[in-house]
Amino acid sequence: MAASPGLADLSRLYQTEFVRSARAVGVLWAVCTLCFAIIQVVVLVQPSWVGTTQGPMGLARPSGTLGLFEVCVESDWPVPDCRGGLSSLSPLPSFQSVAVLVGVSLWAVWTSVLCLCLFRFCSAATVYKICAWLQLTAGFCLALACLLFPDSWESPEMRSLCGESVGSFSPGNCSVHWAYILAVLGVLDAAILATLAFVLANRQDALLPPDAKEGENMWSRETRRKRKTASLHRVSSPSRLLPPPRCRGGNRTMKAQEVLEIRTAVPDFGLMFRSLGVP
């Protein structure tokens, strides 16, 4: 039963609005993916995973912060005194595994950013799925890093900065700073972005308008019908069913047939002149 014109127009309007909203969500997802990649760089390089807290009055404590690659202690100079650094690409001995996990997470999320260029060469559903799995990998590695970091607090660097009361999951005289909190938020961000990418990938078939889908199905059916007709025509062709002619009677018979064909093909000029009255 054919749909009424009003219902068809309403369905087309809903389809157009759905396409626009899906594109807007895809652009927002791409922007959030780029922001997540920048957050990963900040989390890796900033020495603000752990910082000292203020002690009781009259008790002097060293003030500073600690990251994956360096420990910074405040001094009389405006610039803090830092040991280590990202330039040497050598993390602190107690946080090497954490730095490796954060590095793998950084690689995965920046690879997903580069995969955005594949929208010009591959289908959107394939690109969304690739990016979703990369973002899941980035979130998983970052979550492991956030769990292993407190377990590595019992280290000489933490003891020199936070006192002798430092232990696993016990920061002593220190507390977690904004870089560690940003890493935890990055795990949630990766989970949300990966879920949204999977949803967008599964809804790509619904983004095509109904007319395009119907035309594509009709074209595929017509192509299959033409191929089937052509194959049947090749099979049932008489040139394929009849055997090739054979030479009977040897070479002499074949030559006699060729001479006879040549004679019948040459016209009789004498008969033509007599018919015209020429002696």
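Helix H3 passes helix H5 in a left-handed crossing, meaning that the near helix is turned anticlockwise from the far one by less than a right angle. This is a predicted model, in which local features need pLDDT of at least 70, side-chain atom pairs count only at pLDDT 80 or more, and totals for chains, interfaces and linings use all residues. Residues are numbered from 1 along each chain as its sequence is written, and side-chain values use heavy atoms, without hydrogens and water.

Helices (H or I, at least four residues) and strands (E, at least two) are DSSP runs, numbered from the N terminus. Axes are lines fitted to C-alpha atoms, for helices over the stretch in contact, with angles from 0 to 180 degrees between N-to-C directions.

| Pair | Axes come within | Crossing angle |
|---|---|---|
| H3 (residues 124-151) and H5 (residues 178-202) | 8 Å | roughly 160 degrees |
| H2 (residues 96-114) and H3 | 8 Å | roughly 160 degrees |

H3 and H5 are therefore roughly antiparallel (angle over 145 degrees). The residues of their contact (heavy atoms within 4.5 Å) divide into 21 nonpolar, 4 polar and 1 charged. Here Ala, Val, Leu, Ile, Met, Phe, Trp, Tyr, Cys and Pro count as nonpolar, Asp, Glu, Lys and Arg as charged, and the others, Gly among them, as polar.

H2 and H3 are likewise roughly antiparallel, and their crossing is left-handed. The contact of H2 with H3 has 15 nonpolar, 6 polar and no charged residues.

The unreviewed UniProt entry places "transmembrane region" at residues 21-45, 98-119, 131-150 and 178-201. Residues 178-201 are 100% helix and 0% strand, with end C-alpha atoms 34 Å apart.

Technical notes
Angles under 35 degrees count as roughly parallel, over 145 as roughly antiparallel, 65 to 115 as roughly perpendicular and the rest as oblique. UniProt positions are given in the numbering used here, feature names are shortened, and annotations may be inferred rather than shown by experiment.
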